[in-house]
Amino acid sequence: MYSETQILKEASAGDIDGGELVINVGPQHPATHGVLHLVITLQGETIKKIEPHLGYIHRSIEKMCESLSYRQFIYVTSRMDYLSAHINNHACALCVEKGLQVEVPPRAKVIRVLMDELTRIASHELWLGAMAMDLGAFTPFFYAFREREAINEIMEETCGARLTMNYMVPGGVMFDLHPNFQKKVKAFITQFKKKVVEFDDLVTNNIIFQNRMKGIGVLSKEDAISYGCTGPVARASGVHCDIRKIYPYEIYDQLEFDEITESAGDSFARYMVRVREMHQSAKIIEQLIDNIPEGDYQAKTKAVLKLPKGEFYSRVETARGELGVYIVSEGGTTPYRIKFRSPGFSNLSALDHIARGGKIGDLMATMGTLDLVIPDIDR
Amino acid sequence: MAFIKQYISEVFGAVRSLWKGMRTTGRYFVRPKEIITQQYPDNRDTLVLPERFRGEVVMPHDENNEHACTGCTACELACPNGTIKIITKFDITPEGKKKKALDTFIYHLELCTMCNLCIEACPTDAIKMAKNFEHSVYDRSKLTKRLNKPGSKIREGIE
Ligand code: SF4
Ligand code: SF4
């Protein structure tokens, strides 16, 4: 382990005549999209080693949750992977419901799935824009944000907030859908389908872009499994790991959608998995938007929630991979221990392995396609 | 030779795909109406926020300077951040009985995460979310607010 002074010393002492050079990317670096600190050992332009340093945005969320009640702790999880805030809240709500053994009304289930999939599209859109920007294409960022803005507006209208919604509560959702919801979502889907081809023209089919992505940062299927990668990162290496398919929650088992996998395992495969996943999410939304059942949007629960003594685990598929919520209850009103298994942490652990031997210029493509959200890695 | 051929065709392919992308950009350049950028804060007058927008906790008062808060502290208990502090007092009812009532409702805007849990917890709908979102001030103490107006009292008939 390096100490900060050691890192600085080595960084300044690195000689340029063939020796090893240690450079710091971050903690404040535009390409890391957050306060991630990578200590990179270089030989010339070739990466010898990458050591991620964490802890810059550690808020001890798990510890905080131990002093919050089962209603209160959910809102904190919006601050982990803030781009999948709904899905994080969903995972917590599912875990508490498992302990309370409440049945969620069908309407709430459909609303939750709709919100999850909208979040997934929004998250992938943002990633797409940021990813292209990392590689030097500035314009796609604005195109991606246009689509994302439409989703944010839908969220704002129904949930009251744009990013940290805190909309899922134990037993259902906090409010009913806004009367405009269906109309706006349909308009969004139409717009999304029309405009998504623009990305193909701007980014996907661009040969320069493809050359920078193909064969870069290859992660084999075995490594993806052994590093515990999940989500689009693992699926790009051919691992079947979509929680919505293998351990369906809510109503995912009744829906028709494909689990997207690629086999190449390189940056372009990871890129394609996310782009194609957006279409699948749109497909799910289309199936549900006209079939939202009537009824309650929240099951009746007690004012003070008490989980029985025991251990509860639930998992969901966020935009970045598998999020697991593990609650140990002693029978009181607050959890005894909470553990979050966040997708970003495991995906980051593969970075050293897949970037080793590559060029420093390719690191941005590799890191960008891992889709790291730093507050999720560093809770 | 084959290498040069491939190289040249790659260059042309790159230029072609670049041109394709530029065409999309150019299409928007000549159709400024399709651009959706909004100029904040110039659009303040036309900005419409949805009614559920969570900006700040407020306590509505009616024209008689009356609110609906009983001082039950349910919101204080529901808040995960210790944002709300309720100070209660004892009113003497006309029958001469002591009755708990709200004295001061202290709200720390700087600690609030707009999670809406207090609003959900309130049994009398005495507080609600306002749409104001421009909260920056020069002095931090200005963010600590008293929500019940001076001299206000509880509305008749609310238990
Ligand atoms: S909105 Fe949330 S954080 Fe703010 S006062 Fe209410 S309960 Fe507390
Ligand atoms: S605002 Fe509502 S919950 Fe809070 S003390 Fe007053 S009546 Fe009780």
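Predicted model: local features only at pLDDT ≥ 70, side-chain atom pairs only at ≥ 80, totals over all residues.
## Chain A as a whole

Beyond this sheet, chain A carries 16 helices and 8 strands in total. Its radius of gyration is 21 Å, close to the 21 Å that the globule rule gives for 379 residues, so chain A is as compact as a globular protein of that length. Along the principal axes, the C-alpha trace of chain A spans about 70 × 50 × 35 Å.

Of the 379 residues in chain A, 47% count as buried. Among the contacts in chain A with a separation of 6 or more, 69% are accounted for by residues 24 or more positions apart.

## Chain B: order of elements and overall form

Chain B contains 3 helices and 7 strands, and when read along the sequence these elements follow the pattern α-β-β-α-β-β-α-β-β-β. The radius of gyration of chain B is 28 Å, well over the 15 Å that the globule rule gives for 159 residues, so chain B is more spread out than a compact globule.

The C-alpha atoms of chain B fill a box of roughly 105 × 35 × 30 Å, taken along the principal axes. Of the 159 residues in chain B, 18% count as buried, while residues 24 or more positions apart account for 74% of the contacts in this chain with a separation of 6 or more.

## The β3-β4 hairpin of chain B

Strands β3(B) and β4(B) pair in the antiparallel sense over 9 bridges, and within this pairing B:Phe90 has B:Lys100 of β4(B) as its bridge partner. The hairpin that the two strands make has 5 residues between them, and in it B:Gly96 takes a positive phi near 85 degrees.

B:Thr93 lies in the loop between β3(B), residues 84-92, and β4(B), residues 98-108. Is B:Thr93 buried or exposed? With 10 other C-beta atoms within 10 Å, B:Thr93 is exposed, because a residue counts as exposed when 12 or fewer such atoms lie within that distance. The C-alpha atom of B:Thr93 is separated by 33 Å from that of B:Leu109, a residue 16 positions away along the chain.

Strand β4(B) has a further antiparallel pairing, over 3 bridges, with strand β6(B), residues 144-146. One bridge of this kind has B:Tyr107 with B:Lys145 of β6(B) as its partner.

## Surroundings of the two ligands

The residues that come nearest to ligand 1, out of the 13 around it, are B:Cys79, B:Thr83, B:Cys112, B:Cys115 and B:Cys118. Sorted by class, the shell around ligand 1 has 9 nonpolar and 4 polar residues, and no charged ones.

Ligand 2 is likewise surrounded by 13 residues, of which B:Cys69, B:Cys72, B:Ala74, B:Cys75 and B:Cys122 are the closest. The shell around ligand 2 is made up of 9 nonpolar and 4 polar residues, again with no charged residues.

## Where chain B meets chain A

Between the two chains, 22 residues of chain B are in contact with 20 residues of chain A. On the side of chain B that touches chain A, α1(B), residues 2-29, and α3(B), residues 117-121, each supply at least two residues. Which element gives the largest share of that side? The largest share, 9 residues, comes from α1(B).

By class, the residues on the side of chain B that touches chain A divide into 10 nonpolar, 7 polar and 5 charged.

Terms used:
Residues numbered from 1 in each chain as written. Chains lettered and ligands numbered in written order. Near = placed C-beta within 6 Å. Nonpolar A, V, L, I, M, F, W, Y, C, P; charged D, E, K, R; others polar. Contact = placed C-beta atoms within 7 Å. Helix = DSSP H or I, 4+ residues; strand = E, 2+ residues; numbered from the N terminus. Rg over C-alpha atoms; globule rule 2.2 N^0.38 Å. Buried ≥ 20, exposed ≤ 12 C-beta atoms within 10 Å, placed from the backbone. Pairing = 2+ DSSP bridges.
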